[in-house]
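Here is a note for a colleague who is new to this structure. Please read the points below with the model open.

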Amino acid sequence: MAYISLKSVNKKFSTRRSEIYALKNINMDFNKGEFVSLVGPSGCGKSTIIRLLDDILKPTSGEITVDGFAYNNSESIPKNMIKKMGFIFQVPNLYPWLTIRENVMLPLKVYKMKGPEYDKYAEELLDYVGLAAYGDSYPSEISGGMQQRIGVIRGMIHKPEIFMMDEPFGALDEDTRENMNLELLEIWKKTHMTVIFITHNIEEAVLMSQRIYVMSSHPGMVKSELTIDFSGRERNLDLISDRKFAEYCTDIESMIGTLRLDEIK
């Protein structure tokens, strides 16, 4: 049984004039410790999927199971299940009245987790993103890219088992983004988190993922599922020049680019 499972999941929103399907008949599985990316055009429901998983939204129908717990459409999922999850938004959403260190450690307050090991881990994470010297600064005193990095490590501070990332590096410059990608891979290898990674960057998805779900929009549906296999090679920037890497990227671009008008309902 998969660690995370979505079976025949639908999500629709009602307006005065019509009902809009954000997701239709979604079937996805995520194995424990796996790194899986979701790619597809804007409006295909990628963000909606992880908002269903962390209970921000409720599915209209279908079955969602996380670590053996079946979601109930009417009741909130228990706090101990939410605690297993880390979630990173497209924008960092830092509290301006808290210092950078306090922002990073905020989830620990929410989950009532404290101790010297977490204080140490916070400093390690700040150092990891090159912001150890800014722990006592405030969000207004650092750049937007720095704020985004803080948002990323805040999602890691309580050491979640499931790490859901919604375009986390989109606001970063190319060099910083590449470094963050590689560092995230190292953290994933060490922690064995289950990572669900949303991105519009196909190269980023191929570099980091074991599997990729390609989605189509209007309504959001799974178009294809690909296993990314580099035969045990190290996941690093050298892969980008590999012929197999280019083939994966071309295949995914073709899948996204061949969406026909008659597929839009």
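How many bridges join strand β4 to β5, and which way do the two run?

1. The model is predicted: local features need pLDDT of at least 70, side-chain atom pairs count only at pLDDT 80 or more, and totals for chains, interfaces and linings use all residues. Residues are numbered from 1 along each chain as its sequence is written, and side-chain values use heavy atoms, with hydrogens and water left out.

2. Strand β4 (residues 61-66) is joined to β5 by 2 bridges, and the two run antiparallel. Strands are DSSP runs of E with at least two residues, and helices are runs of H or I with at least four, numbered from the N terminus. Two strands pair if DSSP finds at least two bridges between them. Opposite Val66 stands Phe69 in β5.

3. These strands belong to an open sheet of 4 strands in the order β2-β1-β4-β5, with antiparallel pairing. At the edges stand β2 (19-30) and β5 (69-70), each with a single partner strand, so one side of each has no neighbour in the sheet.

4. Helix α1 (residues 46-53) is largely enclosed by the rest of the structure, because 6 of its 8 residues are buried. Buried means under 20% relative accessible area, exposed over 50%, and partly exposed in between (1.4 Å probe, protein chains only). The buried residues of α1 are Lys46, Thr48, Ile49, Ile50, Leu52 and Leu53. Just after α1, Asp55 has a positive phi of about 75°.

5. Glu174 is found in helix α6 (residues 174-191). With 59% relative accessibility, Glu174 counts as exposed.
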